[in-house]
Structures are given as structure tokens and as C-alpha cells.
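Please take a look at this protein model. A short exchange about its fold follows the display.

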Amino acid sequence: MPNYRLLAIDLDRTLLDNNHSISRRNYSALKRCQDRGIYVILASGREAETIDRFSDELEIYDPIIACVGAIIGGEKRNGKREILYHKPIPVGIVDRVMEFTRSLGYCLTVHSPDKILALEQSKYTDIYHNQTGATFTFVDDLYERIRGTQPTKLIIIVEPDMRESVYQQFVDRWGVEANITRTNPEYVELNAKGVDKGIALTELCKILDIPIHQTMAFGDNYSDLPMIELAGGKVLMDNASDEIKAELKSKFNDLIIAPSNEDDGVARVIETILQ
């Protein structure tokens, strides 16, 4: 078994169960990794604040990958993390996305390292809050406030049956100049071009002086694929979609399909590598 020095682990539907909790078995497995000196990197589309709730629960304060790779936060010390890497959206894109979403009535949320802005509370902002625990700042001058700015990411929250068509609209309009991803069933996310969890993992490995082949990545969704494809150990959760499973199986003979997030899949894989 390879000598893994770093595990990069997605949160929602990977480490967390469907109630957004860390199971006792997953908790114990990650603590064993910590005891062995293996970095446990929580890698999520979430903001640093909501990732840190789980870092604090685990009492594991290793660096994190946040906002689908747009931010790398350093080791948490004295309750704080230094931002080691941040790639915001270029000037101009926000204005065009803002006008487009405004004309169609889509819910737009604007994410920066220290806050999340939205126009008003709605069932869509409630979806995000209930899934992540994130808090919003609601501002009635949202469009004026964000014009010309460079936030970390934008999330458009829509009905699940609309998500694919909205995703395609964004790819068609901004896919050349921005990174568009599908995450939760309701989310289309826009980041700067060149932002993904794979690039962030590569940057973090440079910072920590760890070869990429000594990493293992766990995930279930499209936004996790870049880091899974780059890591030495490639772990896809069984609760991933059939399309994602087929895509990765066609590329990698060494792909590991872990039991689902409801069946302690992360722990089961870790237990095999720690034997």
C-alpha cells in the first residue's frame, strides 16, 4: 500500500452523512490519520467558516481547501487561518452574471473570504443555510454593491430540475473565461478560470513539499473530479452518480469505489491503508 502523507476529503455526501454529520467511525479513522502524522485536508465548495466547524469538531487543524479550490487556508492557529492562496473572479464577469441572473429572477449569492451577500432571504438562501450552516448578509443594494468587484465565487441556487439547463446556460455564456461547476442538486457555481480542487491540491502539495502521488482524494461530485484525477489514491463514493462513476472508471483502472457516505465509506478506505 502506498505511503500516503495527505488525504484530501470532500465534505458533503463524502465525509458527512445525509444529516451533515461526521459519524463516529469516520471521526475515529481521521483521528488515527492525525496520530500517524498524515495531513487531513478538508476540501469543499463551502467557505472557510463552515469548513472550520468540522475542523473544530475533529480537533484537526490542518490546512483546508475552500470555495471549490479558490482558497487555501493555512493551519488553524489561535482560532485563525492565514490565507495561503486566493484566486478571485476577474473584474467584469460579476457585472454580466449579475445582469443575467437579475433578468431571469435567479437567486444569486456572492461569496468572499469573510462574508456571503444576497439580495434577500428566500427559500433558496434557506436551502444553502440549511445545508451548510452558512450565514448571509442581506443587502437591498446588492447589485450596486457588487458591481466592479472581485468576489471569490458566485452561486446560483435554483430548483433541482432546472439545475442542468442553468448550468448549460452558464457554460455557454462564460465557460471560456470562468470555471463553471455543478455541486449540490440546486447549485451552479462560478469561479475564476483555473480554479478547481485539483489545482488547489497541487498548490498545497507544493507548500507542504509533498509529492502528489503520496496523496489520496475522496469525493462524490463533479467538483471533486479534478483532485481525484490528480491524486495518487483515487476514491469515489458509491453514492456518486452513475455518470461520474462511468467517467472515472473509463479513465482509471486503480479507481476505488468506497461504500456510500451513509455507510462510513471514508473510514472503510482509511482503515485499509492504515493496516
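The questions below go through the sheet, a helix crossing and a cavity.

This is a predicted model, in which local features need pLDDT of at least 70, side-chain atom pairs count only at pLDDT 80 or more, and totals for chains, interfaces and linings use all residues. Residues are numbered from 1 along each chain as its sequence is written, and side-chain values use heavy atoms, with hydrogens and water left out.

Reader: What is the order of the strands in the open sheet?
Author: Strands are DSSP runs (E, at least two residues), numbered from the N terminus. Two of them pair if DSSP finds at least two bridges between them. The pairing in this open sheet of eight strands is mixed, and the order is S5-S4-S3-S2-S1-S12-S13-S14.

Reader: Which are the edge strands?
Author: An edge strand here pairs on one side only. That picks out strand S5 (83-86) and strand S14 (256-258).

Reader: Which residue in S3 stands opposite Leu42?
Author: Strand S2 (residues 39-43) and strand S3 (residues 64-66) run parallel, joined by two bridges. Opposite Leu42 stands Ile64.

Reader: At about what angle does helix H11 run to S12?
Author: Helices are DSSP runs too (H or I, at least four residues). Helix H11 (residues 265-273) lies across S1, S12, S13 and S14. Angles run from 0 to 180 degrees between N-to-C directions of axes, which are lines fitted to C-alpha atoms, for helices over the stretch in contact (heavy atoms within 4.5 Å). To S12, H11 runs at about 160 degrees.

Reader: At roughly what angle do the axes of helix H2 and H11 cross?
Author: Helix H2 (residues 24-35) comes within 8 Å of H11, axis to axis. Ala29 and Leu30 of H2 are among the contact residues, as are Val266 and Ile270 of H11. The crossing angle is roughly 35 degrees.

Reader: About how much space lies in the largest cavity?
Author: A cavity is a set of points on a 1 Å grid over the protein atoms alone where a 1.4 Å probe fits but cannot get out. Volume is the space filled by probe spheres set on the points, which are joined across faces, edges and corners. One cavity reaches 30 Å³ or more. The space in the largest is about 200 Å³.

Reader: Which helix supplies the largest share of the lining of the largest cavity?
Author: Lining residues have an atom within 4 Å of a point. There are 20 of them, with Asp12, Ser44, Gly45, Thr183 and Asn184 nearest the centre. The largest share is three residues, from H5.

Definitions and conventions
1 Å grid on protein atoms, 1.4 Å probe; cavity = no way out; pocket = protein on both sides within 12 Å on 5 of 7 lines; lining within 4 Å.
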